[in-house]
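Biologist: Could you walk me through this chain? I'd like to ask about it piece by piece.

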Amino acid sequence: MHVTTNTNHIEERVKSVGKLKRSKSRNDLRGGYTTGACAAAAARAAVRMLLCPNPFKDIEITLPNKEQANFSLSRLEATSYSEELAQEKISSVTAGVIKDAGDDPDCTHGIEIQCTAKWSSQIGVELKGGKVSRK
């Protein structure tokens with residue numbers, strides 16, 4: 001089984017994310033999200049799809065200030081393996097969110113923040129990070 005979202009809209013979203021508003025007052029600026037919030041949304045989406053393999057287009061997280069934030073997914077790809085001839089199981093899921101820093105961008109503005117979740121024979125949770133992919 002290979003599930004993926006339609007990625008044709010990614011280029012359009014990156015272009016729209018790149019439009020910046022200039023203002024003398026910070027109150028006039030459009031807010032955005034941190035890289036950590038985008039990574040948390042991608043991680044939650046990947047794990048959710050791994051546990052409940054029903055495709056979805058967005059994911060909600062709770063921010064540190066207790067506000068809810070909804071993120072559209074730019075990627076949701078599942079890889080499966082056949083445990084038996086009649087049954088497929090998802091072995092890993094990669095989810096992605098386009099970073100929108102608002103009107104005060106940083107160097108990560110407009111890139112896709114990804115997370116891959118996969119099953120392991122080890123007990124517990126293992127976090128690995130820091131890999132940068134460039135095209």
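**Talking through the fold**

Modeller: Let's start with Tyr33, which is partly exposed because its relative accessible area is 32%; buried means under 20%, exposed over 50%, and partly exposed in between, using a 1.4 Å probe and protein chains only. Before we go on, this is a predicted model, where local features need pLDDT of at least 70, side-chain atom pairs count only at pLDDT 80 or more, and totals for chains, interfaces and linings use all residues. Residues are numbered from 1 along each chain as its sequence is written, and side-chain values use heavy atoms, with hydrogens and water left out.

Biologist: Which residue forms an aromatic pair with Tyr33, and is the pair tilted or stacked?

Modeller: The count comes to one aromatic pair. Rings of Phe, Tyr and Trp (its six-membered ring) pair if their centres lie within 6.5 Å; planes under 30 degrees apart count as stacked, over 60 as edge-to-face and the rest as tilted. Here the centres are 4.7 Å apart with 55° between the planes, so by the cut-offs this is a tilted pair, and the partner of Tyr33 is Phe71.

Biologist: How many residues apart are the two members of that pair?

Modeller: Tyr33 sits in the loop between helix H1 (9-17) and H2, while Phe71 is in strand S3. Helices (H or I, at least four residues) and strands (E, at least two) are DSSP runs, numbered from the N terminus. The pair links distant parts of the chain, and the separation is 38 residues.

Biologist: Is Phe71 buried or exposed?

Modeller: Its relative accessible area is 4%, so Phe71 counts as buried.
In the largest nonpolar core, which has 24 residues, Phe71 and Val93 touch the most other members. Such a core is a set of buried Ala, Val, Leu, Ile, Met, Phe, Trp, Tyr and Cys residues joined through side-chain atoms within 4.5 Å. So the answer for Phe71, at 4%, is buried.

Biologist: Which element gives the most to this core?

Modeller: The elements giving two or more residues to the core are H2, strand S2 (58-62), strand S3 (68-72), S4, strand S5 (87-98) and strand S6 (112-118). With eight residues, the top contributor is H2.

Biologist: What is Val93 in contact with, leaving aside its neighbours within four places in sequence?

Modeller: Contact means heavy atoms within 4.5 Å. On that basis Val93 is in contact with Ala46, Met49, Leu50, Leu76, Glu77, Ala78, Cys115, Thr116 and Ala117.

Biologist: Where is Arg48, and which residues does Arg48 touch, not counting those up to four places away in sequence?

Modeller: Arg48 counts as partly exposed because its relative accessibility is 39%. Its place is in helix H2, and the residues it touches are Phe56, Asp58 and Ile59.

Biologist: Is Leu51 exposed or buried?

Modeller: Leu51 is in helix H2 (residues 35-51). Its relative accessibility is 54%, so Leu51 counts as exposed.

Biologist: And how far apart in space are Thr79 and Lys89, C-alpha to C-alpha?

Modeller: Thr79 lies in strand S4 (residues 75-84) and is partly exposed because its relative accessibility is 40%. Thr79 and Lys89 are 10 residues apart in sequence, and in space, C-alpha to C-alpha, 8.6 Å.

Biologist: Zooming out, which pattern does the chain follow along the sequence?

Modeller: The secondary structure comes to two helices and six strands. Buried residues make up 31% of the 135 residues in the chain. Read along the sequence, the pattern is β-α-α-β-β-β-β-β.
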